[in-house]
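Here is a short briefing for a first look. Please keep the sequence and the 3D view open while reading.

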Amino acid sequence: MARELRGILSAMCTPFTTDGSRVDEDGLRDLVEGTIKAGVHGLIPCGSTGEFVALTTEERKRVTEIVAEQARGRVSVAPHVGSTSTAVAVDLARHAERAGADGVMAVNPYYEPMSLDEVYGYFKSLSDAVTIPIMVYNLPVATGMNLRPEFLARMAREIKNVKYVKDSSGDLSQVSELLYRYRQDVTVFNGWDTITFSGLALGSKGSVWGAANVMPGQCAELFNLIEAGRLADARALWERMWPVMQFLVTEGYVASVKAGATLIGFRVGGPRPPIRALSPQKTGELKSLLIKAGALKEVSPARS
């Protein structure tokens with residue numbers, strides 16, 4: 001029986017070799033270990049932060065296998081399997097289930113405009129192909145359509161394995177509607193960095209969060225404090241974290257997350273083209289923010 005998805009689920013980076021030609025499998029295993037040791041509650045490989053659009057189908061399968069194998073059941077694993085092709089998404093979902101995943105996440109098809117009936121059919125096909133839970137990934141900035149709360153709730157009621165939604169609309173009103181009007185239908189995760197505290201404080205079951213590659217301990221602590229009812233402590237922590245979140249969402253998310261993960265000691269390499277690595281100047285700015293947030297220790301210059 002698949003474990004429940006809850007807490008901070010890291011939208012994992014995909015580490016690449018220096019030339020970007022291959023997945024760095026050792027770097028990926030180290031990222032899994034470091035993320036789990038920091039207290040993060042689950043792992044989502046091959047999502048947007050994982051550069052799935054720059055991965056081949058075989059690379060996506062291999063990354064899923066490594067993450068599930070390295071996690072060894074210690075935390076939940078729910079790979080992203082979304083695609084512009086229903087057949088590819090179904091293939092990836094079946095593979096994830098065979099690899100031992102606790103669930104799968106899927107963005108609705110993008111590029112070609114879709115009707116709601118077509119989106120419904122896509123998720124129904126995914127559900128029919130597996131027995132594990134599905135998290136619907138609502139990402140309007142990438143898909144060109146916002147899946148409204150009433151539609152997400154209807155899919156959860158009518159499609160057997162649709163159990164969760166990751167809402168990355170960045171709209172706190174929409175997150176609130178999902179939580180208060182439709183909480184009996186679907187379990188809600190926030191997916192927009194700068195409103196994470198607000199979403200968790202409102203009662204979200206967790207967050208799918210790329211920042212967990214950059215400051216995993218603080219991300220996990222934020223959830224744990226809120227779950228324990230220590231809102232004042234959580235708010236104080238969030239005040240230190242927020243400048244980093246704002247940087248990530250404004251300076252190029254994948255490049256910023258990879259730069260931050262590298263700064264704290266993970267070997268993730270750079271992004272694959274056409275995305276470019278964060279500039280040295282911006283990396284320096286991010287380093288300063290991480291030091292101020294307590295995610296990175298300032299190293300004193302050596303004395304001569």
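Helices (H or I, at least four residues) and strands (E, at least two) are DSSP runs, numbered from the N terminus. The expected span of a helix is 1.5 Å times one less than its number of residues. This is a predicted model: local features need pLDDT of at least 70, side-chain atom pairs count only at pLDDT 80 or more, and totals for chains, interfaces and linings use all residues. Residues are numbered from 1 along each chain as its sequence is written, and side-chain values use heavy atoms, with hydrogens and water left out.

**Helix H12**

- Helix H12 (residues 280-293) has 14 residues. From first C-alpha to last, H12 reaches 20 Å, close to the 20 Å expected at 1.5 Å a residue.
- The buried residues of H12 are Leu286, Leu290 and Ala293. Buried means under 20% relative accessible area, exposed over 50%, and partly exposed in between (1.4 Å probe, protein chains only).
- Exposed Pro280, Gln281 and Lys292 are on the face of H12 turned away from its buried side.
- Helix H9 (216-227), helix H10 (231-250) and helix H11 (253-263) are among what covers the buried residues of H12.
- Gly294 follows H12 and has a positive phi, near 85°.

**Nonpolar cores**

- A nonpolar core is a set of buried Ala, Val, Leu, Ile, Met, Phe, Trp, Tyr and Cys residues joined through side-chain atoms within 4.5 Å.
- The largest core has 52 residues. Leu43, Trp209, Met215, Leu222 and Met241 have the most contacts inside it.
- Helices H1 (25-37), H2 (57-71), H8 (196-202), H9, H10, H11 and H12 each supply at least two residues of this core. The largest share, eight residues, comes from H10.
- Met241 touches Trp209, Met215, Gln218, Cys219 and Leu222, not counting residues up to four places away in sequence. Contact means heavy atoms within 4.5 Å.
- A second, separate core of 34 residues includes Ala89, Ala96, Leu126 and Val130.

**Aromatic pairs**

- The whole structure holds five aromatic pairs. Rings of Phe, Tyr and Trp (its six-membered ring) pair if their centres lie within 6.5 Å; planes under 30 degrees apart count as stacked, over 60 as edge-to-face and the rest as tilted.
- The ring centres of Tyr164 and Phe189 are 5.9 Å apart and their planes stand at 70°, so this pair is edge-to-face. It links distant parts of the chain, 25 residues apart: Tyr164 in strand E6 and Phe189 in strand E7 (residues 187-190). Both Tyr164 and Phe189 are buried.
- Trp209 and Trp238 form a tilted pair, with 6.3 Å centre to centre and 45° between the planes. Trp209 is in strand E8 (residues 206-209) and Trp238 in helix H10, 29 residues apart.
- Ring pairs join Phe197, Trp209 and Trp238 into a cluster.

**Two buried serines**

- Ser168 lies in the loop between strand E6 (162-167) and helix H7 (172-181). Ser168 counts as buried because its relative accessibility is 2%.
- The side chain of Ser168 reaches the backbone oxygen of Gly191 at 3.1 Å.
- Ser83 is in the loop between strand E3 (76-77) and helix H3 (86-98). Ser83 is buried too, with a relative accessible area of 8%.
- A polar atom of the Ser83 side chain lies 3.0 Å from the backbone nitrogen of Ser85.

Notes. Polar contact = N/O pair within 3.5 Å; in protein donor to acceptor, adjacent residues only side chain to side chain.
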